[in-house]
Amino acid sequence: MLTQEPVVTQQTAARSVWGVVRFVYPFVVVALIWETALRLGWVQSVSLPAPSQIAAEFWRLAVTQGVLWEHFSASFYRLAVGYFLAVGIGVTVGALLSLSPLLRGLFEPVLSLLVSVPTIAWLPVLLITMGLGDRTVITTVFLGGFFAITYNTMRGIEMVPRNQILAAREMGVNGAHLFFAVLLPGSLVSLITGLRLGIGYAWRALVGGEMLAAMIEWGIGKMVFQARFFNNVSIMFVGILLIGLSGYLLDRTFLRWLEMATVERWGMVRRR
Amino acid sequence: MLKRKAALAAIPIVIFLLGWEALSRGSLLNPYLFPPPTTILMELGNLFMKGMPAQSALLMHVGMTLWRVLLSVVLGIVAGVIVGVAMGLNRAVYSFFDPLITVLMPIPGIALAPLFIVWMGFGNQTIVSLGVLSAFFPVVYTTVAGVRSVDPQLVRAAQMMGSRPIGVVLNVYLPWAATYVFNGVKLGLARCWMTIIAVEFVAASNWGMGYMIWNAAENLRADVVYGGILLLIVIYFILEKALINRLESRTIARWGMIRQA
């Protein structure tokens, strides 16, 4: 059994504050140089807003008008539906493919061909066949996550040592019990990699889908795309920065927690 | 054995295509949305012949996209290796650029497209700039990791034997980091390909596979859309197998840095 986790001491708290400062300072430096360059007139452009203007635009969108949250909740709803479908179906398909040599022989080559298609390339097909609305965007998100998750689930289950499976069988563990008690935990390192890759792809697919599906009204991608029609570059900057930040946070928060609570605690991978 | 594998893999594809063909010909599937595969292939043939003998419309689209990808990947790799080496060698540079890269890297190229369209208009400038960015980030990321993993004893040995700093970079750091850089190049190529197709949807003015597919979707030409996607699959397959894998076996695998598959 591992020793108990140490209580968060002042020292580690100080270190995490220092970590935040170290993460944020380059952004502050860039913003300051950018702002000064514009104020002093070194750079002059109507299509390059100063950081202060971008911040003001953010304030207007987030607080004064509050539309930002409307965009965000629409995006996250699509992401959640599409991603969870991808997880459910992807893990099932991946497990089936890894457990049956016949299914694998039949479908793995198709799968590895389809993985290489950029998710966004499916979008025109979906726009034609499913319409210009929410369904299309959610399906794009699903496709974005599905392939990475399926592929990594399959690889993960293959990597479970044969001896472990035989030992479990010997002790009378079979069927669903075998899957949940041996195969799933054993393949978790690879599976979590798939989940992390999947959320990244799904997020990108979401943004692309929202931009190109004409009939949707809300969504962070839509916000950036629409800003083009009234030439509001500040809105674009707010949207783009938030897209980057959300992508980063999606990767580093809940899947990171899952990783820490399972494979790292069980000592399957080194702690970072 | 290999034949058996290929035959097995062909079964679902053949069934799928035959089923599609039959359902579409029998109008059980809407033939406007799901034209039969033979029609799709014929349409690709038509596009290929269009404008012949002077030029082929299809080849123009494909050539334009490949040219953009090539240009972007080369520029992205050069910039990525330079920034990556600088970050790997110097802690201050690293701690400054690392947070910026972590936040900028997950931004999809298409999200930046509206901004770049405002700045540079429709066409090659916007498309290639976004392509360069998308290839740049993975290369930086892996180059940094590669340079930081170099055994310091090698560096000291080279310095002791009188190697100048630039020589140390070229003869010690870069060869050592080659496997990492190569992984970055692979990732970069995949992302660049994806980004260029996507940006061509919105920012291309007359040529490019993305433009071809998008234009067809807007005109409800489903046959061209499916044909275009089929071509995307084939071209990427060739790029990966013929180009990347061959390059890999000629360089890092030959130098014994990775196992030859």
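This is a predicted model: local features need pLDDT of at least 70, side-chain atom pairs count only at pLDDT 80 or more; totals for chains, interfaces and linings use all residues.
Residues are numbered from 1 along each chain as its sequence is written, and chains are lettered from A and ligands numbered from 1 in the order in which they are written.

**View 1. Overall build of chain B.** Chain B contains 10 helices and 0 strands; helices (H or I, at least four residues) and strands (E, at least two) are DSSP runs, numbered from the N terminus. Its pattern along the sequence reads α-α-α-α-α-α-α-α-α-α. Along the principal axes, the C-alpha atoms of chain B fill a box of roughly 75 × 55 × 35 Å. Of the 261 residues of chain B, 38% count as buried; a residue is buried if 20 or more other C-beta atoms, placed from the backbone, lie within 10 Å of its own, exposed if 12 or fewer, and partly exposed in between.

**View 2. The surroundings of Leu58(B).** Leu58(B) lies in helix H3 (residues 57-89) of chain B. Leu58(B) is buried because 24 other C-beta atoms are found within 10 Å. Leaving aside residues up to four places away in sequence, Leu58(B) touches Leu44(B), Leu47(B) and Phe48(B); contact requires C-beta atoms, placed from the backbone, within 7 Å. Asn46(B) is 12 residues from Leu58(B) in sequence, and their C-alpha atoms are 8.8 Å apart.

**View 3. The contact of chains A and B.** The contact takes 41 residues from chain A and 43 residues from chain B. On the side of chain A that touches chain B, the elements giving two or more residues include helix H1 (10-39), helix H9 (188-212) and helix H11 (233-252). The largest share of that side, 8 residues, comes from H11(A). The residues of the side of chain A divide into 28 nonpolar, 10 polar and 3 charged; Ala, Val, Leu, Ile, Met, Phe, Trp, Tyr, Cys and Pro count as nonpolar, Asp, Glu, Lys and Arg as charged, and the others, Gly among them, as polar.

**View 4. Annotated spans.** An unreviewed UniProt entry lists "domain: ABC transmembrane type-1" for residues 62-243 of chain B; such annotations may be inferred rather than shown by experiment, and positions follow the numbering used here, with feature names shortened. This span of chain B is 87% helix and 0% strand, with its end C-alpha atoms 17 Å apart. For chain A, the "transmembrane region" annotation (unreviewed entry) in UniProt covers several spans, among them 175-195 and 201-220. Residues 175-195 of chain A are 95% helix, with end C-alpha atoms 24 Å apart; residues 201-220 of chain A are 65% helix, with end C-alpha atoms 16 Å apart.

Conventions
Two residues are in contact if their C-beta atoms, placed from the backbone, lie within 7 Å.
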